[in-house]
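User: Please take a close look at the surroundings of the ligand in this model. I would like one connected account of what lies around it.

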Amino acid sequence: MQPQIILLKEGTEASQGRSQIISNINACQAIVDCVRTTLGPRGMDKLMVEAQGKATISNDGATIMKLLDVVHPAAKTLVDIAKSQDAEVGDGTTSVVLLAGEFLKQMKPFIEEGVHSQIIIRSVRKATQMAIQFINEIAVKPKKDDEVELRQLLEKCAATAMSSKLINQQKDFFSKMVVDAVMLLDELLPLNMIGIKKVPGGALEDTQLVAGVAFKKTFSYAGFEMQPKQYTNPKIALLNIELELKAERDNAEVRLESVEEYQKVVDAEWTILYDKLEKLHLSGAKVVLSKLPIGDVATQYFADRDMFCAGRVPDEDLKRTMKACGGSILTTVADLGDSVLGTCQHFEEKQIGGDRFNIFMGCPQAKTCTIIIRGGAEQFMEETERSLHDAIMIVRRATKNDAVVAGGGAIEMELSKHLRDVSRSIAGKEQMLISAIARALEVIPRQLCDNAGFDSTNILNKLRQKHAQGNRWVGVDILNEDVADNMEKCVWEPSLVKINALSAASEATCLILSVDETIKNPKSGEGPAPPGRPGGRRPF
Ligand code: ADP
Ligand code: MG
């Protein structure tokens with residue numbers, strides 16, 4: 001008998017070889033099945049309940065995948081590509097997961113028959129490259145210098161992104177708003193300059209776009225109601241200072257002999273506060289915002305001098321105000337000059353629904369805007385926010401890179417046809433593999449049909465026939481259970497969404513196919529104490 005060689009710790013599980021790849025593929029399939037039904041305008045939403053009972057309703061692939069808490073190591077790759085698609089282009093998160101899953105599914109029989117993973121990986125890469133090149137060739141580029149045409153393009157792309165969401169009934173209303181919002185930004189189109197606020201109550205159509213910064217008023221003291229609520233061209237002081245009297249006993253332990261000494265301590269506190277307030281008043285600032293609380297004395301002081309103040313402003317809102325109105329966030333009032341004070345053309349405190357909002361308009365420094373979402377349930381507004389986020393990302397992408405393709409499965413069918421045509425001219429195994437990828441691309445139109453309750457075989461046959469006849473942009477017509485030219489029907493998507501989805505899906509596929517061994521030891525990581533620390537504690 002050969003002596004056994006032990007390399008790994010006791011309790012280590014190792015699985016390897018072909019069966020390992022197959023089991024990874026199966027795990028990915030399970031993930032894909034979770035999001036499969038959310039694709040497209042007739043896709044269903046998912047209700048997810050977390051440990052604390054918090055419920056989220058969403059149609060967004062990335063959100064669902066994030067909340068799924070996947071433990072399988074290979075299947076986590078799919079979560080990652082959904083997240084990367086979300087970060088990179090914002091939309092197409094369900095598509096990317098679906099595509100990766102279908103690529104793997106089509107490759108499974110080849111693995112089972114013993115084709116080496118490296119050959120498969122090479123073909124997947126080649127097919128992806130050809131597909132991306134083809135998208136770039138056929139994408140339609142409208143004239144960029146035509147303002148009206150560009151706007152229309154952006155609105156249509158936004159509408160397509162939103163048509164699969166809960167808010168699809170209001171997509172015309174929202175697509176205009178989203179394009180307006182992005183147009184208000186400057187060249188770089190920074191996403192964090194679009195603030196999204198939610199106010200419960202009202203109808204979805206009461207959602208409004210504010211061309212400036214807006215945030216909710218927090219708790220305030222009595223004197224607040226006496227302060228003016230409107231200013232034109234005010235100077236704005238942004239502070240990180242507490243303007244509040246402290247209860248003496250909370251601060252420190254002070255040993256006192258007489259009442260007079262105690263009075264001195266109290267007076268000193270008041271003097272410090274009044275000193276700060278006076279400096280603020282003398283600087284000419286009309287609006288005072290602070291991240292920290294502003295107390296009743298300060299509120300009354302400002303009210304007496306026709307100034308406005310708001311304490312406990314959330315950090316991100318204060319930063320956005322700073323970027324928009326100029327000035328800086330101060331931690332001392334020692335040096336209050338015009339250079340550190342911001343300004344805006346118009347300031348107003350306004351009632352929106354049940355909340356009061358501080359609104360700054362006509363900001364000189366940066367271009368910014370705020371969308372105030374109205375609606376019934378909290379979950380509904382959250383989903384609206386996610387959908388608007390998708391649409392905003394799409395519009396940002398499309399303003400920079402304005403090539404579009406037709407959605408609704410049209411581009412996928414055309415790519416499928418292209419790859420199938422090309423594969424015929426290739427000899428060897430690659431031919432089979434590339435046509436398998438071509439078949440995998442059909443998953444998008446098929447799933448769109450399945451989710452809408454159409455006869456997918458029938459529609460796919462029609463699509464194949466139309467594309468073979470050279471009708472490039474024919475895709476699924478969701479409204480009439482038929483096929484239609486989706487370029488004419490204005491189901492447009494930026495080509496970048498598709499390119500990114502394809503390359504991310506193919507990367508994930510290659511990654512999963514290239515893993516042929518998993519080694520897992522639940523005890524690893526608990527090893528002996530690090531050297532040099534004798535007597536280090538070890539868990540038992
Ligand atoms: P993703 O998270 O991948 O964006 P969606 O649920 O938003 O998933 O669905 C996107 C798919 O729905 C795309 O393939 C898009 O082309 C398609 N689609 C969107 N609007 C329409 C429409 N009006 N008709 C047909 N297909 C559409
Ligand atoms: Mg979408």
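Analyst: Around ligand 1 there are 22 residues, of which D91, S95, S163, S164 and G408 come nearest; a residue is near if one of its heavy atoms lies within 4 Å. This is a predicted model, in which local features need pLDDT of at least 70 and side-chain atom pairs pLDDT 80 or more, while totals for chains, interfaces and linings use all residues. Residues are numbered from 1 along each chain as its sequence is written, chains are lettered from A and ligands numbered from 1 in the order written, and side-chain values use heavy atoms, without hydrogens or water.

By type, the shell around ligand 1 holds seven nonpolar, twelve polar and three charged residues (Ala, Val, Leu, Ile, Met, Phe, Trp, Tyr, Cys and Pro count as nonpolar, Asp, Glu, Lys and Arg as charged, the others, Gly among them, as polar).

Polar contacts are pairs of N or O atoms within 3.5 Å. A polar side-chain atom of S163 is 2.6 Å from a nitrogen atom of ligand 1. On the oxygen side, an N or O atom in the side chain of E493 lies 2.7 Å from an oxygen atom of ligand 1, and a polar backbone atom of T93 lies 3.2 Å from an oxygen atom of the ligand. Of the 570 Å² of accessible area that ligand 1 has on its own, the protein covers 94% (Shrake-Rupley method, 1.4 Å probe).

Two elements give two or more residues to the shell, α4 (93–112) and α15 (443–452); α4 gives the most, with three. Helices here are DSSP runs of H or I, at least four residues, numbered from the N terminus. Domain 1 (13–141 + 405–520) and domain 2 (146–210 + 366–402) each supply at least three residues of the shell, with bounds from an automatic or database domain assignment.

How values were computed. A polar contact is a pair of N or O atoms within 3.5 Å; within protein, one must be able to donate a hydrogen and the other to accept it, and residues adjacent in sequence count only if both atoms are side-chain atoms.
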